Amino acid sequence: MNDNEEQARFFVRTWAEAVLRQAERAQAIRRKAVQDDRNYERMEDWSPPMEVLEENFRAQWAEEHQLVWAAHQLERWDARLRRERGQEPCGEDPFLKDVRDALEHLDEVDFVQDRAISPVPVRGKKYIGRAIRKLPGGALDLHLSGAALVGGIPPQAIEARALEAVRAVEQELEQEQREQHAAFVYAAEHDPELRDLVQQIADFYAHAESLIGPPIASGGNLVSTTKGEATAAQPSPGTTSVSGSRDD
C-alpha cells in the first residue's frame, strides 16, 4: 500500500466515523425538539418557552448541515480510495451533492417565506444559485419537518453508507494484522537469528526472577529494591561496627 492509498483510507475511516457520530448528534437534537414542541403545545407552567424551541431549531439546522457535509466528504474520499486501488468509484449521489452545494452557497441566494431561492441570473454570474435551481421546485425549504434531514435528504441512506465504510476499513485492518502476524510467525520459524531472539525474550519472561531479582520479578520496582537494600545495610541504633568499636 502506497502513501496515497493509506492516506485515502485514513480519511474514509475518519469521515465515516464522523457521519455516524454526527448522525447521533442530529438525532438527539431532533428528539429534543419534538419533545419540547409537544410540551410547548400543552401550555402548562412547566412547558418550555418559545426561546427554547427557537434554540432547538438553530441547533438542529446546524447539526444536520454538518451531517450533510460529513456525508459528502465520505463520498469524495471513498471515490479517491477506489481510484488509488484502480477501482471504479461508486456513482456520486447527485441529490446529496446538490443539497451540499446549495448549503455551501446559501449566503448568495434570496429568501422568500422560509425558502431559499435562486436570485435573478446576472450576466457573467449565472453560476450563483445554480445548486438551488437543481433542487426539486428550484428552492431549498428551510423548515425542518418529518424524518428527512435539511434539504429533504433521507438520513437512513447516509448512515448506512457510513456504517458500511467503517466496517470495510476495520475488516481490512484486521486482515492486515492477521497477515502481519502470520508473516512474523513464518519468519520466526525459518530465520535462525529471529528464532533465537524470540527464544531469548521467552526465556527472559519465563525466568525473570533469576535475572533481575525477586522483588522486581514479583511486581516490585528498582527504587523500592534499592531503598530496601540500603536500609538493610545500615546499622541499627546501639550496634557497633567492627572497625569502629568503642571502649568501655
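R30 and E64 are joined by a salt bridge between their side chains, with N and O 2.5 Å apart. A salt bridge here is a side-chain nitrogen of Lys or Arg within 4 Å of a carboxyl oxygen of Asp or Glu. This pair connects distant parts of the chain, 34 residues apart, with R30 in helix α1 and E64 in helix α2. Helices are DSSP runs (H or I, at least four residues), numbered from the N terminus.

This is a predicted model, in which local features need pLDDT of at least 70 and side-chain atom pairs count only at pLDDT 80 or more, while totals for chains, interfaces and linings use all residues. Residues are numbered from 1 along each chain as its sequence is written, and side-chain values use heavy atoms, without hydrogens and water.

The structure holds 10 salt bridges, including these:

| Pair | N to O distance |
|---|---|
| R30 and E64 | 2.5 Å |
| D36 and K32 | 2.8 Å |
| E17 and R13 | 3.3 Å |

E17 and R13 are 4 residues apart in helix α1, about one helical turn. D36 and K32 also lie 4 residues apart in helix α1. D36 is buried at 12% relative accessible area, whereas K32 is partly exposed at 39%. Buried means under 20% relative accessible area, exposed over 50%, and partly exposed in between (1.4 Å probe, protein chains only).

The largest nonpolar core has 31 residues, and V19, L74, A116, I132 and L140 touch the most other members. Helix α2 gives the most to this core, with 7 residues. Such a core is a set of buried Ala, Val, Leu, Ile, Met, Phe, Trp, Tyr and Cys residues joined through side-chain atoms within 4.5 Å.

Methods
Helix = DSSP H or I, 4+ residues; strand = E, 2+ residues; numbered from the N terminus.
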